[in-house]
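Biologist: Could you show me how to read the features of a model such as this one, beginning with the place where the chains meet?

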Amino acid sequence: MGKASFVLRRTLQLVVTLWAVGTVLFGLFRLMPGDPTSYVVSSQMTQEARQQLIESYGLNDPLHVQYIRFLENLVALNFGQSFHSNQPVTDVIATYLPNTLVLMLTAFIIAYVLGITLGVLSGWYRGSRFERTTVITALTARSVPTFYVGLIVLWIFGATFNVIPMSGMTSLGTGGQNTGFFDMVFSLDFLKHLVAPASVLAFYYMGYPLLIMRSSMLEVLSEDFIDVCRAKGLTERTIMFKHAARNALLPIVTAAAIALGYAVGGSVLIETVFAWPGIGREMVRAVLRRDFPVAQGTFIVLASTIIFLNFAADLAYGYLDPRVTYD
Amino acid sequence: MASSDSEMDRRAFLKATTAGSAVGMTALAGCTGGDGEGGESGDGESGGESEGDGESVESNLPTYTYTNNAQSYNPPRHDAINLIASQFDEELGLDVEVDVLEWGTLYSRVTEEYDYSFSTWHTFFVSEPVTELNNLLNSGNTDPGQGNYSGYENAELDDLISSYLGEPDADTRVDQAHQIQQMVMDDVPMMPITQMPMAAIFNNNQVSNWQADLANGFNSYWTMINLEMEGDETVLKGYWPETLSTMNVLGHNDENKHVYQFNMMYDYLVQLNNNAEPDPEVSLATDWTRVDETTMEYTIRTGHSWHDGEDLTAEDVAFSYNYINENEVPLYSTQSQYLESAEVVDEETVRVNMAEPLGPFNLAVANLLPIIPEHKWADRENPSQQNIEEPVGSGPMMFDYWEQGSEFGMVRFDDHFAPVDFERRFWRVIPEASTVWENLISGDLNYEPFGRIDRQLNENQENENIGTQFEVAATFWHFTPNERQTGLDDAEMRKALVETIPRTAIVDQILFGFPDPGFNVVSPAFGPLHTEDVTEYEESVEAARSRLQEAGYSYADDGTLIAPSE
């Protein structure tokens, strides 16, 4: 099978997967107990007014009618309007997603650069104190809850030494001063606020690529071509990074693609601890409030990103390792 | 056996507050019928009174379900419900399961499906208590979602409430309100567990002179126009644990976080002072007259303008009332029930015609309907679902910015007739309570609009930078039995349940002594409308058991409560 037919087949699979995800989401939210209007209405509201509101959301229509409307809107990338804020869901996503992406991508880049480098080194120096230390650090980073690390960081560096801001993306009371998102992102104030949550997240994410890279390195280092490299008189540094690490990198591609996909969903715990206005918190809030359009919209964006990035990782395999075929 | 007294043993208390699941398991192990029918006991022997040897008898009362919010949603209330349920189960001999539910599910389970036995949450009565009681207890409101989820029916009470609502004379209304309270507390369809206080929590170096009003406590219009900034501080800096949802004054869900913003951005015909009295000095209407039972006339303040500079006229006032009424704005559906129309009499006068007589019209309607600009809203259809980005009002604060999920800011409207002392006010979204307290102490925030009664308050209230002030509020944690369930339609059973609730222990040990134990659904905060002369129930398991035995109930050897046979 050629590359073109592989892409075509995977694209069809991707469409079916997205349909399945959408259908499951639609069903799940409707199966949840509780009335979606209970968060929208006031206790003062009369029953007639409440009924009127339910009708205006289309929630009194039969399920199949709601489902068909949902699919039509999905194809048109129209996720509807939030029950709670009356904003189009795309606007809600556009408000919160960039904040999450800045935080998560910063953390992701730090984590993968550090994780891969330390993974290569710990694989290379197998049995050394350095390896033991990095492995213990990686396991600790993956085991300790991020919110706990976040609270400790806030307590030490925020409350005690006052060297990091306690919350948010900008200083208190400065809202409205930035003329746009990028204006804010490139301000010193924002960078000061970014350091702590990004570092805590990077610490957590770092463990995964570190451990994968280490075990992959151990596998590669036992292969014959490493001996050949040594026999050619290449320096240890060249063998480690140019030959061993490059060949050990493949498993990281899939791991990174999936991790990057999840990054789009944000981190509810970190967003809560550091009062970061991200999509993760909004997603949970939408679920708890039975705000179906926002919950469905955000989950579909998250699922689609993971599916697309996985697809991209499959394609990248062929490029990174010519031995991989598309059969 | 613990806890007949208000002082509970610490160990028993801790055990009880975390015993929700254990209570539930007891219920499951008891294998009692959920249909209220007697029947065979677990070992196959027939029911009836047993003779010693620890032999158990199956109760002819059903297994009761106490709905509880998740621990994370409201920790103290979660603990209190577990405690009460364990008291009912272990001390009163009922079979009680605690059902922990997410809030939306819990609310619809109780108010829509009536699938519950006991419910408890924080009930907010606004400025008019009898309209609230009418909603909660009127015999005509017992259909799903109508408000009377307790299922209580009392024709005499309905008549009395109806007379009160149509009564134009304030003194007569006070007498009627007292009778209503006496009748309600005699039957206890609903019992306040704790009378929650309003709390002003602030940085005392930056802001002072906190005066509460009845409905919105220390976040009221009255509070804000009387606040005084200290030193060089010119900004009022608050927080909220979660983001605002909308800037639509006609499309929010009446949550405090929205009400507290809109009551500063918009004017209302009538505003209340800290004695819960309409005050023309600070209201948009400078005078009002009741023309007849169903007609009010308001004199509108002249020379006032909207935040965008347009004049605010009598036409705007009449438009607001008619627009809300004609568009059947769901948020104000209760107020719209009483509205027929509004008309401009002359440049300064607006006449409001009621659909039916409503004595406390100023408190129940004129104080609650916002005045909106006709030039902005006239062309808007379906007002409750409008997505408003920059609201234009006429109140003492103007919209400045809204960074969703992060911060909301308003600036002072210098031309307002009741100006505020601070130049700006912002609210930052901070979900983490310890961060809020660090900011409050350091002065990065200078007030805590939420007034949260919790451990952090208990621990920090003595800090030299922190000021606190407490006032009795119109809100309470209610205990409501579902009278549709077997046994709970019996007033003696309800009274015994109320006597079993350790209200003082809940106040002292769960709520750090901040609230008062509840005794009347109409709080002392309502001033003359409240009366102390209602039936009071002691906190005593012994009294509850004696009451039930006098009413014909009996106890099996294993402590199971047996209802009298028909």
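Biologist: How many residues does the contact take from chain B and from chain A?

Modeller: Two residues are in contact if their C-beta atoms, placed from the backbone, lie within 7 Å, and here the contact takes 46 residues from chain B and 42 residues from chain A. On the side of chain B that touches chain A, α4(B) gives the most, with 4 residues, where helices (H or I, at least four residues) and strands (E, at least two) are DSSP runs, numbered from the N terminus. This is a predicted model, in which local features need pLDDT of at least 70 and side-chain atom pairs count only at pLDDT 80 or more, while totals for chains, interfaces and linings use all residues. Residues are numbered from 1 along each chain as its sequence is written, and chains are lettered from A and ligands numbered from 1 in the order in which they are written.

Biologist: What is the order of the 4 strands in the open sheet of chain B?

Modeller: Strands of a sheet pair through backbone hydrogen bonds, either parallel or antiparallel. Two strands count as paired if DSSP finds at least two bridges between them, and in chain B the order is β8-β15-β14-β13, with mixed pairing. Because β8 (235–240) and β13 (397–403) of chain B each have a single partner strand, they stand at the edges, and one side of each is left without a neighbour in the sheet.

Biologist: How do strands β14 and β15 of chain B run?

Modeller: β14 (residues 407–412) and β15 (residues 424–429) of chain B run antiparallel and are joined by 5 bridges; among the residues involved, B:Val411 has B:Arg424 in β15(B) as its bridge partner.
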